[in-house]
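Have the viewer open and follow along.

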Amino acid sequence: MNGTEEIGWIDDDAGLARLVAALAGAPRAAIDTEFVREKTYYPQLCLIQVATERHVACVDLLAKLDLEPLYAELFRADFTWVLHSARQDLEVVYQRTGRMPPRLVDTQVAAAFTGYPPQVGLEGLLERALGITLGESFARTDWSRRPLPDAAFRYALDDVRYLLAAWDRVDAELARLDRRAWLVEDCERLLAEHPVADAIAIWSKIKGVHGLSFASQCAALALVRWREAAAQRSDRPRRWLLADDVLVAIAATLPTDADALGAFVPPKFVARNAGAVLGALASRTDAALQADVRANAAQRAPDRTVVKALQEQVRQRASALAIEPELLATRRDLASLALGDPPPHLRTGWRARELASVLGPSDTGTSSSAEPDTTALPGPLT
């Protein structure tokens, strides 16, 4: 990206208009976000960095700007967002705008399909693809600080400054390997997922919850739903309101009055929340809630010998493709497969095709279906 013009820091309408003009008609841009969420439930989006072929800018989202002209360009139906490790960016953008990018390239996913480590960071990608070293990291910066230190501002710009050039290098290798369809499929799947975890997803990941009795699992889900609503109302982290281990202990014990609840939480919590918490615990007998618990209960343990045999077959296929096995199938995926219920991304698409010998003809389903249209990926621009 030699000759890139810095629009730079944008905190006024004139600067924003320059960026919008630069984006007009552009097919793609490298995008990153910076946010803070340590003291709030909702992430506070502080910056959006944008780089086109010729311009790079950093928009201050704490400034009082009318962002609709910017959104009109970023959310054009034919516009592609190029992000590195996109999941958190998608979450904060969705919570801010209620929208998802129309088209997506996740360069971390793309790089992994060409032999990079699956969780390669931006620094590793730029160094290997372009020979560029970013230098000091400011990842733990308080991005809500104003004025933002110049070094942190420069770091934020560099997060997008070189990303399109790196993507073009990776894309060329994807094309050589005939794997562009892999990326299209995985990025479309990422866009189709709801970016913000719901209460059931949060409940299912709490350590120890699936070892509880059925009644206590139901109580735990009721507590998670109460906690999410309360944390959203106060805009405070859920763990500040009620830590996971305390939630599990309360669900396991099922206290029936404020005194019993006080064995787990401070008096101030009891005074403020006893009625709501005890009400949530009592709702564990709700038929709809119980149905949700049954539908999302931990699956039975698969035969370890079968899972290990599947892992070895996946390892061999991954080795032949020169990628990491987890890109083909995780252990969780293979446990589901061993139980006869493979996840959708193993039933169809590129993984089903590559693992046909592992899955067997009866498991691949529509694995012979047409590959995604790789024109959904923006190639290098001349």
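Helices (H or I, at least four residues) and strands (E, at least two) are DSSP runs, numbered from the N terminus. By that rule the chain holds 21 helices and 6 strands. Residues are numbered from 1 along each chain as its sequence is written. This is a predicted model, where local features need pLDDT of at least 70 and side-chain atom pairs count only at pLDDT 80 or more, while totals for chains, interfaces and linings use all residues, and side-chain values use heavy atoms, with hydrogens and water left out.

Now for the overall picture. The C-alpha trace spans about 70 × 55 × 35 Å along its principal axes. Buried means under 20% relative accessible area, exposed over 50%, and partly exposed in between (1.4 Å probe, protein chains only). Of the 382 residues in the chain, 48% are buried. Contact means heavy atoms within 4.5 Å. Among the contacts in the chain with a separation of 6 or more, 65% come from residues 24 or more positions apart.

In soluble globular proteins, nonpolar side chains tend to be buried together. A nonpolar core is a set of buried Ala, Val, Leu, Ile, Met, Phe, Trp, Tyr and Cys residues joined through side-chain atoms within 4.5 Å. The largest one here has 89 residues, and Leu19, Val59, Leu70 and Trp143 have the most contacts inside it. Apart from this core lies another, of 32 residues, including Ile200, Ile202, Val224 and Leu278. Which residues does Trp143 contact, leaving aside its neighbours within four places in sequence? Among them are Glu34, Phe35, Cys46, Phe138, Leu148 and Tyr155.

Two of those partners lead us to the aromatic rings. Rings of Phe, Tyr and Trp (its six-membered ring) pair if their centres lie within 6.5 Å; planes under 30 degrees apart count as stacked, over 60 as edge-to-face and the rest as tilted. The count comes to 10 aromatic pairs. In one of them, Phe113 and Trp182 have ring centres 5.4 Å apart and planes at 85 degrees, so the pair is edge-to-face. Because Phe113 lies in the loop between helix 4 (107–112) and helix 5 and Trp182 in helix 8 (residues 180–192), this pair ties together parts that are 69 residues apart in sequence. Phe113 is buried, with a relative accessible area of 1%, and Trp182 is buried too, at 6%. The rings of Phe138 and Tyr155 have their centres 5.8 Å apart and their planes at 55 degrees, so they form a tilted pair. Both Phe138 and Tyr155 are buried.

Next, look at helix 5 (residues 122–130) and helix 7 (residues 163–177), which pack at an angle of about 65 degrees with their axes 10 Å apart. Axes are lines fitted to C-alpha atoms, for helices over the stretch in contact, and angles run from 0 to 180 degrees between N-to-C directions. Leu122, Leu125, Leu126, Ala129 and Leu130 in helix 5 meet Leu163, Ala165, Ala166, Arg169 and Val170 in helix 7.

Finally, the backbone has a few details to find. The peptide bond from Arg146 to Pro147 is cis, with omega near 0 degrees, and Pro147 sits in the loop between helix 5 and helix 6. Leu254 has a positive phi of about 55 degrees although it is not a glycine; Leu254 belongs to the loop between helix 12 (244–253) and helix 13 (258–261).
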